[in-house]
Amino acid sequence: MSMRIGMGRNSASDAQAMRFMAQLGIQDVVLNTPPVPVKNGKWELVDIIALKNRVEEFDLKLTAIENTQIDMRNDLITGGPKFDEQLENMVETIKNIGRAGIPMYTMSWRYPRYYRTGHVDIGNGAMGTAYDSEVEHWPDVLDFEMTLESAWECLETWVRTITSVAEEYGVRIGLHPVDPPMPVVAGVPQLLHNFEGYKRLIEIVDSPANGILLCQGSFSQMAGADKDSGPSIYEMIEYFVKRKKVLYVHFRNVSGTVPKFHETFINTGYVDMYKAMRIYAENGFDGFFMDDHVPHTVGDTDYGHRAKAYANGYIQALIETTTNTSLHGAH
Amino acid sequence: MASDFNLRPAIAYGANTTDEALRTAAQYGIEDAVVYYGPGAGQSPDFQDYVALRLRFESYGLKIIAIEGGFSPHRKWHDVVFGGPRRDEMIEQLQDQVRFMARAGIPIYGYNWMPNSWGRANPVTIRGGAMGTAYQWDFDKERRPLMYGEPMSEDNMWDCIEYWIKAITPVAEEEGIRLGIHPEDPPVEDRGGVPGLLRSFDAFKKLMSFSDSHYNAIEFCQGTFSEMPGEDIYEMIEYFAKRDKILYVHFRNVSGQAPSFNEEFINTGYVDMKKAMRTYRDAGYKGSFIDDHCPIMEDDADFPGNLGGYRSRLFAQGYIQGVIDGVTREGDYGGPVSTSASNGGTA
């Protein structure tokens, strides 16, 4: 069993930012929607290898690609007119990710995108993002009909198609929840907004390659996750970790669940992060944790170097104390 | 029970720190501050200065839990350290300083007994190109001139510190402010002909023997205690924490012990910081932990008051808060999760 420390970025181009990760001892790097050129609807092997080499220049390891550009997969998720074409191109892209030696591809199975409705002062001027369904004004984004059934059909087709490819090419696929986890967003029916949706997902194909990006923040925001009867966030973590479905974790905290919540510092939300960390460890989690959506604090960069350093230090300490081991082999 | 513990994060500042630095602590959940201030090279603060300092910090929601400073590195005060002709006069001035602090509402004064101040030699590159301070005894010994033209007597210095402790402790008791001395850093026998008096476990036991008052205690720089040759850091923590002699902790890590060592990121030095934190907890220590001497990271903005910029210090702060939460909570579960294999690292 090995629990490790990760960090995410959207590009590997900024050398200083890469050295920031190296200095903090990051073991697994995630690149979220990196600017790989889209050629004929897909990513080519040579470009992915260049990306991986770039990360390795800094003695870092590119463990996961998180999302490709949304217009490579919007119709795949919604069942739009280019469904077949996008499916085929994503299959080729996943093959290329595998050929490049990157072991994970994770993706948000949602359309249109992650969103919030504002920010709140979470103490002394630190700002967290916030969501309130009452103030949400998101116009419908689709110009064709999409039902819950058709949405499941898209996801099932994807999973049935991609899992064997992923197995063959040595890639594990993990799907990220819709965030905020609402059943309908901008007129689009959402599937991965609750425990039931995820249980159904992993049962489509029983394979290690059909997995989950456990955004603990989004799972914590799911209706009922704050209640024992929920199922609670702790129960959901245990369920999926036990079944070895979790590729890695977005380890962040929130004030509550939908329909209204805001993001907090890692140790000031409603989720007991120590208790959560123990559940991963007790159930043999073999993966990494990354900071995510850190608050904006005074003087910090847009990337949030300071807040990320703080959250990452906190996570490293929780991993080390919970498992009584050293992340960096020091003792 | 977790609720019995009171292990708290704290952060250190220069007295003229910035609005940004003060707001940073408030935002990151830190309520305790240590401020580098007090009697120094020039004119000493007066009562009003200490009050103004406290009020400024309080306006940001920060409580000054200690003033930390070294009068001993300044020649002005060397009659106290070496027993010069103006010793009693200087001690009276320092007694007044302690009274001012106490009456201004400062509960702890941490200082040092290092006429040479603290010292380092050539810094080294550590993880990812970050820079850590380092000390090399051979290098320093060759280059450092004798401070007073001849070696100073260690016996005399012990007599002087005993004289001082016996003069200052009653004032501290009367005023209700606890005093503690920082160890010699680097903890070596001699720098420039000045003995490193407080360089070992035994030296601190001896220091504590001069007065068994609650007000005669230690500014426990865990980093420096970790640098002491041949000593067991966990044993020293336990010994002094059990006797309630630890005022607060400089929670930093190093690669090894004197004569040569370098500073490290908080979880990559030789000291197992979670084991250290458990030792404080189990010995009944209740108090604060500051980040200290953080590595210099690339493109980091200076955080006035201590080594390391905002990113580096906040990484250490996050780690400190995580270790405190971890060791505070694990008792509810009967300890950490048992794992069969080592985790992540290569050793």
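Predicted model: local features only at pLDDT ≥ 70, side-chain atom pairs only at ≥ 80, totals over all residues.
Residues are numbered from 1 along each chain as its sequence is written, and chains are lettered from A in the order in which they are written.

**Exercise 1. Chain dimensions**

Determine how the radius of gyration of chain B compares with that of a compact globule.

Solution. Begin with the secondary structure: chain B has eleven helices and 14 strands. Helices (H or I, at least four residues) and strands (E, at least two) are DSSP runs, numbered from the N terminus. Next, apply the globule rule, which is 2.2 Å times the number of residues to the power 0.38, the radius of gyration being taken over C-alpha atoms. For 347 residues a compact globule would have a radius near 20 Å, and chain B agrees because its value is 20 Å. Finally, the C-alpha trace of chain B spans about 65 × 45 × 40 Å along its principal axes.

Chain A is treated likewise. Its secondary structure consists of ten helices and 13 strands. The rule gives 20 Å for 331 residues and the radius of gyration of chain A is close to this at 19 Å, so chain A is as compact as a globular protein of that length. Its C-alpha trace spans about 50 × 45 × 40 Å along the principal axes.

**Exercise 2. The barrel of chain A**

State in which order the eight strands of chain A close into a barrel.

Solution. The order is E1-E2-E3-E4-E7-E10-E11-E13, with parallel pairing; two strands pair if DSSP finds at least two bridges between them. Neighbouring strands of this sheet are turned by 30° against each other on average, direction ignored. As one example, E10(A) (residues 210-215) and E11(A) (residues 246-250) pair in the parallel sense over four bridges. Within E11(A), Val249(A) is the bridge partner of Leu214(A).

**Exercise 3. Two helix pairs**

Classify the packing of H8(A) with H9(A), and then that of H10(B) with H11(B).

Solution. Axes are lines fitted to C-alpha atoms, for helices over the stretch in contact, and angles run from 0 to 180 degrees between N-to-C directions. Angles under 35 degrees count as roughly parallel, over 145 as roughly antiparallel, 65 to 115 as roughly perpendicular and the rest as oblique.

1. The axes of H8(A) (residues 233-242) and H9(A) (residues 273-282) come within 9 Å and cross at roughly 15°. The two helices are therefore roughly parallel to each other.
2. The axes of H10(B) (residues 273-282) and H11(B) (residues 310-329) lie 10 Å apart, at an angle of about 55°. That makes H10(B) oblique to H11(B).
3. Residues of H10(B) that meet H11(B) include Met273(B) and Met277(B), and their counterparts in H11(B) include Val323(B) and Val327(B). Residues are in contact if their C-beta atoms, placed from the backbone, lie within 7 Å.

Note on methods
Contact = placed C-beta atoms within 7 Å.
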